[in-house]
Amino acid sequence: MRLTVTTNVSVDGVMQGLGGPDEDRRGGFDRGGWAPPLVDTETGDHIDQVYGGAAAFLFGRRTYEIFAGSWGEIIDMAKRPIGVALNSRPKYVASTSLTDPQWKGTTVLTGDLAAAVRGLKAQQNGELVVPGSGVLVRWLFANDLVDQLDLLTYPVVIGQGTRLFPDSGPDFALDLVNSRTTSGGITIQTYQPRGRPEYVKPTVAPEDVMRDAPSGRRS
């Protein structure tokens with residue numbers, strides 16, 4: 001399977017609490033529910049297509065619990081295309097503390113997570129979709145396990161909250177495979193990782209800087 005991360009972010013990179021005001025209030029976050037008012041028909045169709053095309057899903061624990069309590073339990077949500085896909089396909093959770101998942105079709109991955117994910121990818125064809133799950137996504141990128149990033153950027157600046165990528169972390173280059181903007185101003189971009197970025201090299205060698213520097217202590 002190809003591991004595809006699909007995530008929704010604001011222009012300033014926030015991914016926390018996008019679905020509802022009480023979805024995720026960690027850190028005093030009080031601006032939840034920012035995505036639904038901006039979702040247009042094209043974006044909804046795209047998300048339905050991504051979820052509907054998944055062979056299986058991989059979650060971090062926090063996102064899994066949010067999805068299990070909504071798509072897995074609320075009847076109206078379970079009947080929608082996203083809910084149908086989530087409830088009918090295998091679900092895997094990367095967690096060291098979740099021991100008794102109640103959502104049917106769930107398997108908890110323990111032990112060597114990298115080996116477990118590689119094992120999943122080797123099992124069958126199709127897409128192993130990772131919805132949200134910021135901590136897990138950053139770990140997957142750091143371990144070179146991501147094959148594709150499906151990034152939806154909403155035309156809003158949230159100004160607080162957890163961002164997809166932190167202030168410091170591993171660097172990686174991306175190839176833009178596809179990009180479009182919906183009528184509501186949401187950009188849908190598909191990227192594929194291609195190793196580390198290239199950086200401009202200094203034009204002056206350090207030894208030349210030292211040679212040209214004034215000697216002695218200036219009074």
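This is a predicted model: local features need pLDDT of at least 70, side-chain atom pairs count only at pLDDT 80 or more; totals for chains, interfaces and linings use all residues.
I began with the strand order and found an open sheet of 8 strands, arranged S4-S3-S2-S5-S1-S6-S8-S7, in which the pairing is mixed. Strand S4 (106-109) and strand S7 (174-181) stand at the edges with a single partner strand each, so one side of each has no neighbour in the sheet.

I then asked myself how many residues of S5 are buried. The count is 5 of its 5 residues, and S5 is mostly covered. Glu-127, Val-129 and Pro-131 point one way from the strand, while Leu-128 and Val-130 point the other way, and all are buried. On its two sides in the strand order S5 has S2 and S1: 3 bridges join S2 to S5, running parallel, and 5 bridges join S1 to S5, also running parallel. Val-129 in S5 has Phe-57 opposite it, and Thr-4 likewise stands opposite Val-129.

Strands S3 and S4 run parallel and are joined by 4 bridges, and here I noted Lys-91 opposite Thr-106 in S4. Tyr-92 lies in strand S3, and I wanted to know whether this residue counts as buried or exposed. Its relative accessibility is 13%, and because buried means under 20%, Tyr-92 counts as buried. Leaving aside residues up to four places away in sequence, Tyr-92 touches Ala-56, Phe-57, Leu-58, Phe-59, Thr-107, Leu-109, Leu-120 and Gln-123. I also looked up Glu-198, which is 106 residues from Tyr-92 in sequence and 35 Å from it in space, C-alpha to C-alpha.

Last, I turned to helix H4 (residues 81-88) and listed its buried residues, which are Ile-82, Gly-83, Ala-85 and Leu-86. Seen down the axis of H4, these buried residues fall within an arc of 165 degrees, so they line one face of the helix. I noted beside this that an α-helix has 3.6 residues a turn, so residues three or four places apart point the same way.

Definitions and conventions: Residues are numbered from 1 along each chain as its sequence is written. Side-chain values use heavy atoms; hydrogens and water are left out. Buried means under 20% relative accessible area, exposed over 50%, partly exposed in between (1.4 Å probe, protein chains only). The arc is that of the directions from the helix axis to the C-beta atoms. Two strands pair if DSSP finds at least two bridges between them. Contact means heavy atoms within 4.5 Å.
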